[in-house]
Amino acid sequence: MRRRRLLPLCGRWGGVASDMGVWRVTMLGRLALHRHGRSEPVYPTRMLARLLARLAYPGRTQAPRVELVDELYPDLSEEEGRTALRQVILRLRRLLEPVGVEAGSVLECGRQHVGLNSALCGTDVAEFDAAMDAATGLVGSAAVEALERAVSLYGGDLLPGMDAEWAAPERQRLRARALDAILRLAAHCESGGDDAGAADYALRAVAADAYCQPAHLVFIRSAAAMGDAAAARRRLAAMEKLWRDEFGSDVPAEAHAAAAGTPRAATRMPRHGLVPVPVSRFFGREAEIAEIRRLLTPAPQRARLLTLTGPGGSGKTRLATEAAMALMDAYEGAIRFVPLADVSGPGSVAPAVARALGVPDSSDEALAGAIGNFERPSEGCLLVLDNLEHVAAEGAMLVEKLLSHCPRLAVLATSRRSLGVQGERNLPVAPLETPPEPAPPERMAGYPSVEMLVDRIQARRPGFALTDRNAHALAELCTWLDGLPLAIELVSAWAATYTPEEILARVDSVPALLSNPSSTAAPRVASLQAAMEWSLHLLDARLRRFFAELSVFRGGWTLQAAEAICGGGNAVTLRNLQECSLVTAGEVGGRMRFGMLETLRAFAARRLRRADADRVRGKHARWFAGMAQREVAQATDHSGHGWDTTLEPDLANCRAALHWCLLEPGRSAADIDSGVRLAAALWPYWFSVGRFDEGRTWLTAARAAGAGQRTAAYARLLQGLGLNASVGRPGPEAVEWASESLAIYRELGDAVGEAQALGSLGIVHQRRQEHAEARRCLEQALAAAQAIGHDEIALSVLAGLALAAEADGQPDQSTDFRRRALGLATKLGSKRYAALLLQDGGFYEWRVGDLHAARSSFEQSQTLFRELGDTYREVRCLWGLGLTALRAGDAPRARGIYHTMLDMVRCTGHRVLRAPCLEGVAHLAELHGKHACAATLLAHADMLREAPDMPAPWPAVTEDNAALSDRLQSALGEEAFRVAYGRGRAISSDEALQLASERGLGASVGPG
């Protein structure tokens, strides 16, 4: 039976936009908005999301304004609610109807009603229901196809985390339909002898409903039929425990009979890893894929390291992707894909691997541990490292270490040259086969290069076909391009303007392009170079220079950056390059961003003379230093400006600029100054999002490069380095750096900087438990800020003084400082600081036992942070609300709070909030009698807290956790507690979060 790749039931929709309408709204798994023809989704802010979901949902696309006000703003007066609704409608209109789209064409607003034009706005919910409805009236393979489409569309629960009343019944309805589809597909596979497929569907049904008896039975029967008796017994044991714990009964007798079934096949159950899903057709390479499968399929004699080598543009990445997908069943989905094209700088490969494995720590031990947790018992796991050539030395060292520490790990790498690691196998990636001579269309169609060229032309010219008339030109083009996939892509980009015959004629008119442009280049590289040169030949000299200078960017760029850094850059020139497939474009965070294939970027870089390259990279560094200073200033003021739409997209550019300015030898004083300014500007970002290791690395490098400077930027850099070092368990160097920052500001006579530095020094002392010094510095900072009339600094210092007074045992003074700070925040209109102070007040009120006041403070703070789009601090508010509910003995309310917190922690990846979340769920698990689960979660939280850059918990939290540990040890007994606690320290953070969701919160998913 033909095997189909299955999308995970709870995975996020990740394909390209649907062909229906201008917009596609996905609501299953996560709310996102996809523009037609663009794969990058847009994630609306919270209130915008609620309105979009309400209007886009099938059958609900028109809504009375009064109803929307009641639903979205129940706590506001009618007038305030209408005003707030008008504002959010305006933001939704800007999102749905950008410049160039007719106003009112998508969002239809009347005096009484608001609606969406359903003809221009489709949803995955409508597609899912349509597929399910179609399956109802079909039989056989047609019904299976419809069910498979429905299951692939179901990316998870409807609008998770959104508490709208109308969504709850729809969420249950859609989940029930998805479960029905999965069970029907499982039954179809089982009846057809596809035991592996049946088992896979059964597991997904159990994940959706742990009490689904038919799904358990299908899995047990299928595992037994495949000869995997151990898997059948494990499922039976999990089912028995679940039935005993939840129902107080035994499992049906047929479950035992199924587990004792007779094997009929020995296939493996597939899983699906995070391999990128291609968006275009793949041609040829059957022999290469067969060889890769032969070498890497799990077996005692398999290759441990296989490197696909070849020139840029030969299709190594695509071949590795297809091969990884072909190996999914063999590795039971234990495959991770690591893109390395955009990484740069020393120590950059390991963090990229860590991100792919989902772990925060990139040390050798942590990576090996993550791989060990990820490996299947017998098959092991496969790591795909793509584009290693520019970090080959570092990549080779890491691969060698991982292979020595992980005996069941295999690595598939792509590089323009071999890695030189012992035991490495190399597989050269040859060009696609080309016709030896023109032939009739029916024979030409059998050559992969021709198939690919025709397919890519058809994408731009629907209706194009291989005919007797164009066969000769197509064959000649494929031969001239030497069958290189990237060259085919480039040439086919002109198919909307020229016929194949005209393209070939233009090639013949430029003899230089048909010769080897470099006497030292390999023929394939020369062919690719010729294809790129040919594309550039159709551009004027100004565009060619602009294209070369764009090579300075990493990870994309904006129009404004291109205009400032590259000569001749503007919207027209970028569009010209985009039309030639030399530049890509897409919307990210409300801005258009442009990018370039890595092979093209390297080609463009070679066209720059050294002097020009140095000049452009210097401008690049200065631009991003200035950009970071502007964006960080906005993001850290009281406006609530966020990081995700500003700095995040340009992190690769900032890292490249830092590497150029701080690590490249022979940099000028101006370049070093740019690096210092950039690092100094970025430390609030690194600090705010918890990337302490990265911040410490670059700040240290900038401190060394700029040693001896006595500038405001260097003082700010030292200020950030001191605060960074104060996280976790700070040493005396944190005080030393913060003090030197203060000294430089005083030398410069910079009163603003001096006030800021005094405040930072006070925070450092406070985190070192040096309360008297902290109080002294903060009081001096307040006096300095008031002397110069700088209310913003005074506001931040008052907030620090409130915490310092509390730590010093002076609660009345703490309350007074916080009251004064709130008054100043109100005066400044600082919603952000008001939210921070309310949050700090909530934690203080919780610590002193005023639970009613604490709940009110946290709820007000949460509302403000949600409006600001600050998810990190919104989750901290949830943590406070959870602590308050637990101390008040309100377990049902605490469960709802921690359920939302857990979802947000998993979605946002805020590492420092994982421990508080797991601790809260551990307390809940104990209340429900799940003592082993509670011990495991508490142990993992304790382990997370031990990281040197993790903030220390408050004494009250530590005391609560210690008391919980004692109670669990008494309930379980010493040995059982030791086992459960040890498990918590052995599992990964993702596994701990999954356990918290499945067992700790008592969700409808069992332990299997």
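Buried here means under 20% relative accessible area, exposed means over 50%, and partly exposed lies in between, using a 1.4 Å probe and protein chains only. Strands (E, at least two residues) and helices (H or I, at least four residues) are DSSP runs, numbered from the N terminus. In a regular strand the side chains alternate between the two faces of the sheet. Strand β9 covers residues 381-386, and because six of its six residues are buried, this strand is largely enclosed by the rest of the structure.

Strand β9 has a parallel partner in β8 (residues 335-339), to which five bridges join it. Two strands count as paired if DSSP finds at least two bridges between them. I335 has L382 as its bridge partner in β9. Another five bridges join β9 to β10 (residues 409-415), and these two strands also run parallel. In that pairing, L382 stands opposite A410 of β10. From β9 the chain passes through helix α15 (residues 392-405) to reach β10, in a right-handed β-α-β crossover. Right-handed means that, with the strands pointing away from the viewer, the path from the first strand over the helix to the second runs clockwise.

## Basis of the model

This is a predicted model, in which local features need pLDDT of at least 70 and side-chain atom pairs count only at pLDDT 80 or more, while totals for chains, interfaces and linings use all residues. Residues are numbered from 1 along each chain as its sequence is written, and side-chain values use heavy atoms, with hydrogens and water left out.

## Salt bridges

A salt bridge is counted when a side-chain nitrogen of Lys or Arg lies within 4 Å of a carboxyl oxygen of Asp or Glu. By this rule there are 39 salt bridges. One of them joins R24 and E127, whose closest N and O atoms are 2.8 Å apart. This pair connects distant parts of the chain, since R24 belongs to strand β1 (residues 23-26) and E127 to helix α4 (residues 124-136), 103 residues apart. R24 is buried at 1% relative accessibility, and E127 is buried as well, with a relative accessible area of 8%.

Where do partly exposed residues form such contacts? R768 is partly exposed at 24% relative accessibility, as is E770 at 26%. The side chains of R768 and E770 meet in a salt bridge, at 2.9 Å from N to O. D960 and R887 form another, with 3.1 Å between the closest N and O atoms. That pair also links distant parts of the chain: D960 is in helix α42 (residues 955-972) and R887 in helix α38 (residues 871-887), 73 residues apart. D960 is partly exposed at 29% relative accessibility, and R887 is partly exposed at 35%.

Salt bridges can also be followed as a group. D129, D133, E170, R173 and R177 are linked in a network of them.

## A three-stranded antiparallel sheet

Three strands form an open sheet in the order β12-β14-β13, with antiparallel pairing. Its edge strands, β12 (557-558) and β13 (584-588), each pair on one side only. Five bridges join β13 to β14 (residues 591-595), and the two run antiparallel. Across this pairing, A585 stands opposite F594 of β14. Strands of a sheet pair through backbone hydrogen bonds, either parallel or antiparallel.
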